[in-house]
Number of protein chains: 2
Amino acid sequence: MEISLLRAYLDLAGTCHFARSSERLHLSPSTLSRMIQRIEQQAGARLFERNNRQVSLTRAGESFHRYAVSTLQAWEALQVELHTRGSRVQGEVSLYCSVTASHRLLDSLVSRLRLRHPELELKLHTGDQAQSLQRLLAGEEDTVIAARPQDLPAGVEFQLLARSRLVFITARQSAQNTAGYHASVASPAYFDWARTPLILAESGLARRHVQAWLRQHKIRADIYAQVSGHEAIVSMVALGCGVAAVPELVLDASPVRDSIQSLDNWPALPDFEIGLCTLSNRLREPMIEAVWNAARD
Amino acid sequence: MEISLLRAYLDLAGTCHFARSSERLHLSPSTLSRMIQRIEQQAGARLFERNNRQVSLTRAGESFHRYAVSTLQAWEALQVELHTRGSRVQGEVSLYCSVTASHRLLDSLVSRLRLRHPELELKLHTGDQAQSLQRLLAGEEDTVIAARPQDLPAGVEFQLLARSRLVFITARQSAQNTAGYHASVASPAYFDWARTPLILAESGLARRHVQAWLRQHKIRADIYAQVSGHEAIVSMVALGCGVAAVPELVLDASPVRDSIQSLDNWPALPDFEIGLCTLSNRLREPMIEAVWNAARD
DNA sequence: CGCTATATTGCATAAAACGGAATGCTTATG
DNA sequence: CATAAGCATTCCGTTTTATGCAATATAGCG
């Protein structure tokens, strides 16, 4: 019985609502549904009484709840036992990442780290993701989350955490908003580049990808502003300032994603590979190694 | 943390020997090795100190051992709790299968059944696997393990437990044994069918497959004997009585497999699909349903 | 200095899990 | 009473993960 299944079970037992739980757990409803089916299968009993409208625990489900809680506690106790005794990793480690990454990528890392090394204090710095490798190389950060460039600087270790498409976005053309500008969004060839500015990142991988893309498609665009940080770019696009390319991950997490549309039928940009980075020669340091290992799995 | 991983861990902790444990667990050494790596990964600590010659528990491994034992106990207690309270399934169910199936396919089924329904008494009958569906239809057995025929009789439920190739076998041509008969085993076309008898099952799917195969390849073979039960056929082949086709599963489990060689380069026969069968209209009976569900997963 | 025993890795394949879209049931609403 | 909206589930194509076989590597033994 997988730990993640127990967590899912307990969450669902709390909410009694698949859609809500699946959101809290960052899973699709279908996945959660089948996770529960798998649990019931392995337990050999129906744990939730449910139809399409109501969800509740069965008698067997209550037994399972006790089991799940105690098993999860035992697991967490083990983590503490294994990781406080031997190494006693303590001190501070800094981690630099974008606001988005801090939401979507870090929760499992951080929770595992707190369990394994309660004495280790993680100093989280957020900012423009494009800066991250520079900050790492400059020694300003111990670890960073960055998009992997075509060729990684020598001496930098990279551990993949997530992939994300890089997508073009514009403001959603709502009834109210139509006045702003009318762009054919079917293809970049028909797009009115003269009238619609391109919002370009100040630096970083996204900037380079977009520039290469413009060259390849022989498009000359007005560059409206050079902004730092994908989150800020998303905000500007939402306000109707122009078109831009950002990682889908940032878009998904954005509070203004409803007023944005992504131009999926445009020719694709390369994917972003987002991961944890640190300097190779510091990977032996216990604190950094602890962060590194917590990120794996 | 998967139950099966805990079981593997505990077994290895007992033997301190990958090869031996992997055999006991019916796994390949490489699989076991990677299972342990996965456990260590998830635990975030090295649990076995090992080189290519010696295996021993680390300090962390001992902690994990305590955790594994208690977690496994909690799991089994849950099984008992879930399955004794509600249904109280008691009585006798008969299960007919071959000797081979009883070794290789039944252990997980039986152990789960004893855990879930200690009051249920399984009456195990072994015999020729080819008889099983007849016995089921005749009402002589409640459940059987059988190879799935091209078309399943109406009213019979089938649940796949394992796939197995159907392979031709002859006696291994050892130095001592060469005198017996010299057959080119490279291909059935060059095989000396006139001098080497074919041992054919008295009935059942294997018999039909082989007969079709002979027709297709236009081979007329002497039929030396018609034997019932694949295990008996294997014994006869091992004694040098001729050539035959049996499911690989039977071969693997045979005590005389060392004096047998399989003719893998011969044109293939259809695979065997081996599974649990019962009558559809009896699937609601609690005892039969219990067996059925215990077989799943 | 091979030789054997044995844990591990590379690689190809098989199985499982996942997300998005479609489905179907159930309650709310006009 | 008909229609809509909400929600768990299933279908399906894709990605990820696990597995076994064969090859590799290494330690101990004669």
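Reply: By class, the surface near DNA strand D is made of four nonpolar, 10 polar and six charged residues. Please keep in mind that this is a predicted model. In total, 20 residues surround DNA strand D, and the closest are Ala19(A), Arg50(A), Thr31(B), Arg34(B) and Asn52(B).

What part of the DNA faces the protein here? Of the atoms of DNA strand D within 4 Å of the protein, 66% belong to sugar or phosphate, and the rest belong to bases. Individual side chains illustrate each kind of partner. Ser33(A) has a side-chain N or O atom 3.0 Å from a phosphate oxygen of DNA strand D. Arg34(B) places an N or O atom of its side chain 2.8 Å from a base oxygen of DNA strand D. For Asn52(B), the partner is a sugar or linking oxygen of DNA strand D, 2.8 Å from an N or O atom in the side chain. The elements that give two or more residues to the surface near DNA strand D are α2 (18-24) and α3 of chain A, together with α3 (29-43) of chain B. Of these, α3(A) gives the most, with five residues.

By class, the surface near DNA strand C has three nonpolar, 10 polar and six charged residues. Of the atoms of DNA strand C within 4 Å of the protein, 66% are in sugar or phosphate, with the rest in bases.

The side chains that reach DNA strand C come from both chains as well. From chain A, Arg38(A) has a side-chain N or O atom 3.3 Å from a phosphate oxygen of DNA strand C, while Asn52(A) has one 3.1 Å from a base nitrogen of DNA strand C. From chain B, the side chain of Ser33(B) brings an N or O atom to 2.9 Å from a phosphate oxygen of DNA strand C. The elements giving two or more residues to this surface are α3 of chain A, together with α2 (18-24) and α3 of chain B. The largest share, five residues, comes from α3(B).

In chain A, helix α1 (residues 3-15) and helix α3 (residues 29-43) pack at an angle of about 105 degrees, with their axes 10 Å apart. That angle makes α1(A) roughly perpendicular to α3(A). On the α1(A) side the contact is made by Ser4(A), Leu5(A), Ala8(A), Tyr9(A) and Leu12(A), and on the α3(A) side by Leu32(A), Met35(A), Ile36(A), Arg38(A) and Ile39(A). By class, eight of the residues in this contact are nonpolar, one is polar and one is charged. Arg38(A) belongs to this helix contact, and its side chain also comes to 3.3 Å from a phosphate oxygen of DNA strand C.

In chain B, helix α1 (residues 3-15) packs with α3(B) at an angle of about 110 degrees, and the axes are 10 Å apart. This makes α1(B) roughly perpendicular to α3(B). The residues in contact are Ser4(B), Leu5(B), Ala8(B), Tyr9(B) and Leu12(B) of α1(B), with Leu32(B), Met35(B), Ile36(B), Arg38(B) and Ile39(B) of α3(B). This contact has eight nonpolar, one polar and one charged residues.

Further along chain A there is a sheet to look at. Five strands form an open sheet with mixed pairing, in the order β4-β3-β5-β12-β6. Its edge strands are β4 (120-126) and β6 (156-164), each pairing on one side only. Neighbouring strands in the sheet are turned against each other by 25 degrees on average, direction ignored. Within the sheet, β3 (residues 91-97) and β5 (residues 143-147) of chain A run parallel and are joined by two bridges. Tyr96(A) has Val144(A) as its bridge partner in β5(A). Helix α6 (residues 106-116) of chain A lies across β3, β4 and β5, running at about 160 degrees to β4(A).

A last stop in chain A is Cys241(A), in the loop between α9 (230-238) and β10 (244-247). Leaving aside neighbours within four places in sequence, Cys241(A) is in contact with Pro197(A), Ile199(A), Tyr224(A) and Met236(A). Cys241(A) and Thr196(A) are 45 residues apart in sequence and 8.1 Å apart in space, C-alpha to C-alpha.

Note on methods: Residues numbered from 1 in each chain as written. Chains lettered and ligands numbered in written order. Predicted model: local features only at pLDDT ≥ 70, side-chain atom pairs only at ≥ 80, totals over all residues. Heavy atoms only, no water. Axes fitted to C-alpha atoms, helices over the stretch in contact; angles between N-to-C directions. Helix = DSSP H or I, 4+ residues; strand = E, 2+ residues; numbered from the N terminus. Parallel < 35°, antiparallel > 145°, perpendicular 65-115°, else oblique. Contact = heavy atoms within 4.5 Å. Nonpolar A, V, L, I, M, F, W, Y, C, P; charged D, E, K, R; others polar. Pairing = 2+ DSSP bridges. Near = heavy atom within 4 Å. Polar contact = N/O pair within 3.5 Å; in protein donor to acceptor, adjacent residues only side chain to side chain.
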